[in-house]
Amino acid sequence: MNTCVIGLQWGDEGKGKVVDQLSETADVIIRYSGGANAGHTVVRSSEEEAFALHLLPSGILHENKLCVITNGVALDAETLLGEIQRLAERGISVGENLKISGRAHLVMDYHKTQDRLSEEALGKAKLGTTIRGIGPCYADKVTRTTAVRVVDLLNKDRLKEKLKSIVELKNKIFAALYDNPEPVDFEVIYQKCLLWADALGPMITDTTALLHRIWQDNKVMLFEGAQGTLLDLDHGTFPFVTSSNSSAVGLAAASGLPAKSVDRFLGVAKAYSTRVGSGPFPSEQDNDIGQYIRDKGHEYGTTTGRPRRCGWLDAVVLDYSIRIGGINELALQHLDTLSGLKELQICTSYKLDGKKVDFFPAEADALDQVECQYETFPGWDEDLRGITDFEQLPENARNYVLRLEKVLGIPIVMVGVGPSREQTLHRSAN
Ligand code: GDP
Ligand code: IMO
Ligand code: MG
């Protein structure tokens, strides 16, 4: 069975943990969208420190699994090589087991500079990006003439000509738009590209052709989504989104495989909500409850270290993400983080101007104004981290999950009670 793991909120739902678990029974793990804005944490056992992966598929920690980075990824080669180096220092080797699409677009230093300058210029109106150059890289992809793809690394003369004209243009644009931008140096960029070409060259291939062969051979494919549905460029809380289709709809364009190649879309959500960066967040708790969740759940960004905004679980958001993505099953993470709260709330509908909203609002302004209608649940005090069976959960914790399952209408097949692999309760989909 081929599975695609998709975040159903604003990212950081625990996708890395879920992908790591499912990797055991997969042949190929495929990262198909986003870039180094993602930070996927894998904790193999409770005694072990965490692995934070930004570009490598989370299956890379498993031996004998093929990992693939497809065309939809904004590839920051420097970050990728750093990641490979850090894994090597911890005894995990990356080489033959990684394939990278020549069609993927390269994130260059000037993309990161542009991301930072643009956010600084916006001041209070900033998007709160990760400053990883994601927006500018995808913008160049759409522009076409200013894009550099991974395959360009393989033709040094053509690359040189291309980079020269792009750098000239970038310098003109930066000088026109921003105060005192540091000039982009062609030679520095070109020399970096030569290093990347040497290091990554053997891994570059046509991953679309590769994946079609793998699909035909009935190998088990596991797709690792990045970000979350509410950060999707088309379907998220625009403009406070990322620059790719991070919901399930993005998979086909970003991998070259049709959606029907996936048998199961597995959504991942936290048992509460978080968001990093700016933008609407109807169930946000900017108070003691939010702080309690942030402290207990260690809610600080894997990529930027920024404190995550925290709030109650929003079933309106989940229902929307499930519909958009054709999500079949749910993995609910961080149930353990809610221990110790006297009462819990789940937002089950929104009201706007006194009227019940019947579909997730398209406009950020409307989302800023909606009033959450909550169902209240009694909390529990027990520490859930040692529990190994769903039936052993305190009654109130079990009821919280069962009620959510009823509201959403899809089975909750995994329940996270801690960060490590074994801290997951499995339930049947029937
Ligand atoms: P991703 O981007 O979706 O892969 O998620 P991140 O790795 O950015 O953030 C999720 C954080 O929650 C990581 O620190 C995980 O180790 C941690 N985590 C995942 N599942 C659980 C869980 O069930 N309980 C607790 N306490 N932590 C979890
Ligand atoms: P994972 O895969 C959480 C957010 C940023 C910002 C917005 C735009 O770990 O779930 P960008 O740098 O993409 O232009 O920033 O998107 N964002 C994420 N938030 N998890 C992520 O990835 C994110 N990737 C981007 O915080 O609000
Ligand atoms: Mg993350």
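Biologist: Is Cys-4 buried or exposed?

Modeller: In this predicted model, Cys-4 counts as buried because its relative accessibility is 0%, under the 20% limit.

Biologist: How many disulfides are there?

Modeller: The count comes to zero disulfides. Cys-4 is in none, and the nearest cysteine sulfur, that of Cys-67, is 15 Å away from it.

Biologist: What about Cys-372?

Modeller: Cys-372 is in no disulfide either; its nearest cysteine sulfur belongs to Cys-347, at 3.5 Å.

Biologist: Is Cys-372 buried or exposed?

Modeller: Cys-372 is buried, because its relative accessibility of 14% falls under 20%.

Biologist: Turning to ligand 2, which residues are closest?

Modeller: The shell comprises 20 residues, and the closest are Asp-12, Lys-15, His-40, Thr-130 and Thr-242. By class, seven are nonpolar, ten polar and three charged.

Biologist: Which domains supply that shell?

Modeller: Domain 1 (3–95 + 207–426) and domain 2 (105–201) each contribute at least three residues.

Biologist: What polar contacts reach the oxygen atoms of ligand 2?

Modeller: Among them, a polar side-chain atom of Thr-130 lies 2.5 Å from a ligand 2 oxygen. For the side chain of Thr-242, an N or O atom is 2.6 Å from an oxygen of ligand 2. Gly-39 uses a backbone N or O atom, 2.9 Å from a ligand oxygen.

Biologist: How much of ligand 2 does the protein cover?

Modeller: The protein covers 97% of the 550 Å² of accessible area that ligand 2 has on its own.

Terms used: Residues are numbered from 1 along each chain as its sequence is written. Chains are lettered from A and ligands numbered from 1 in the order in which they are written. This is a predicted model: local features need pLDDT of at least 70, side-chain atom pairs count only at pLDDT 80 or more; totals for chains, interfaces and linings use all residues. Side-chain values use heavy atoms; hydrogens and water are left out. A residue is near a molecule or strand if one of its heavy atoms lies within 4 Å of it. A polar contact is a pair of N or O atoms within 3.5 Å; within protein, one must be able to donate a hydrogen and the other to accept it, and residues adjacent in sequence count only if both atoms are side-chain atoms. Accessible areas come from the Shrake-Rupley method with a 1.4 Å probe; for residues, only the protein chains shown count as cover. Ala, Val, Leu, Ile, Met, Phe, Trp, Tyr, Cys and Pro count as nonpolar, Asp, Glu, Lys and Arg as charged, and the others, Gly among them, as polar. Domain bounds come from an automatic or database domain assignment. A disulfide is a pair of cysteine sulfur atoms within 2.5 Å. Buried means under 20% relative accessible area, exposed over 50%, partly exposed in between (1.4 Å probe, protein chains only).
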